[in-house]
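The sequence and structure come first.

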Amino acid sequence: MQLQLPEPGSDALAASGALQDRIAGEIQRDGGWISFARYMELVLYAPGLGYYSGGAAKLGKEGDFTTAPEITPLFGASLAHVVADLLKQTAPQMLEFGAGSGKLARDILTELAALGEPLERYLIVDLSGELRARQEETLRDFPQVAWLDHMPSSFSGVVIGNEVLDAMPVNLLAKTEAGWQERGVGCSSGAFGWQDRPCDDFLVEQIPDADSLPIGYVTEVHPVAAGFMRSLAAMLCAGQDETGRGAAAVVIDYGFPAREYYHPQRAQGTLMCHYRHHAHPDPFYLPGLQDVTAHVDFTAMATAAVEGGLEMLGYTSQAAFLLDAGIGDLLLRTSPDDPLRYLPQSNAVQKLISPAEMGELFKVLVVGRAARLSDRFSRNDRSHRL
């Protein structure tokens, strides 16, 4: 595939070349094949060379993609109202995984302060050194913010994960005449390419009605993200056991429940790459310089959380969640009679809630223990679809 994308600089090309050499060496040592999950882990997180562990800009106009907190502070302000309700049931602290530029944390903390909700600590776990540096600058005026190198063993409070699960490695499966195969990565003449091998049964078990899907069907499964949700559940349950107070997690990402994810018409999966605001399907293009993502199977995430001891508190679209959280009222803090200020904010909110933009593709999953969402979120709950 010949992609017409912006050319990187010489230093970036050299870093990508070094990462390609490392991956090729691992493929050779492993007998000529690695799983796609391992390949994705390396291109995103290899120390010093992976997309998230290297130094390239990720977010905003200079990066490769834009997230909801970059679009408008009203996203974080809306979340803060949900968090404020939950904090009354938990310890007065928050934990954010994958905090991006730090804007979401800043917007949540700013709105919580305006609501008079004290927050003792706001902890951040982020694997990206480049993003952590941006977070430290963005959040320099918030002394309650601290960074952790890994998930704590116990936590009572509110956890936020915005576009975290989609960046976790996925395994690729392909249905062939010989049955389900795991699609991995080989290397020939210095170029990476697809290679299929027999598939472990536990990978296929995530797919509903796998036997009925057509030959040629390709999709992703999410054991790494499901493992993260189980670890999250263990952390929150331990926190509730230690403190006697509740705990909750709000997870926001693009994805579907399982029966929509593994629909017969979604025959080539959801794997996508992002480079300089261009989306394309080639994960072998400039390894380490582009984001590689897949949509989230929310059924698998909810199942892992519940099996880990948490309760389902809610599942709905981003549009419904933000509207129930009061984003419309927050928008009206800016008077429509001041179009120069109101129209940009209105357009940003429209992008977040429009079904043609982020409103329907993005979903919100809320799980917890000894905690519950406000009744206003029950009217649009879709937990029955998981």
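## Terms and basis

Helices (H or I, at least four residues) and strands (E, at least two) are DSSP runs, numbered from the N terminus. This is a predicted model, in which local features need pLDDT of at least 70 and side-chain atom pairs count only at pLDDT 80 or more, while totals for chains, interfaces and linings use all residues. Residues are numbered from 1 along each chain as its sequence is written, and side-chain values use heavy atoms, with hydrogens and water left out.

## Asn 171

Asn 171 belongs to strand S6 (residues 171-176). Asn 171 counts as buried because its relative accessibility is 9%; buried means under 20% relative accessible area, exposed over 50%, partly exposed in between (1.4 Å probe, protein chains only).

The side chains of Asn 171 and Glu 182 form a polar contact of 2.8 Å. Such a contact is a pair of N or O atoms within 3.5 Å; within protein, one must be able to donate a hydrogen and the other to accept it, and residues adjacent in sequence count only if both atoms are side-chain atoms.

## Leu 352

Helix H13 (residues 339-353) contains Leu 352. With 0% relative accessibility, Leu 352 counts as buried. Phe 75 is 277 residues away from Leu 352 in sequence, yet their C-alpha atoms are 8.1 Å apart. Beyond four places in sequence, Leu 352 has contacts (heavy atoms within 4.5 Å) with residues including Ala 68, Phe 75, Leu 322 and Met 358.
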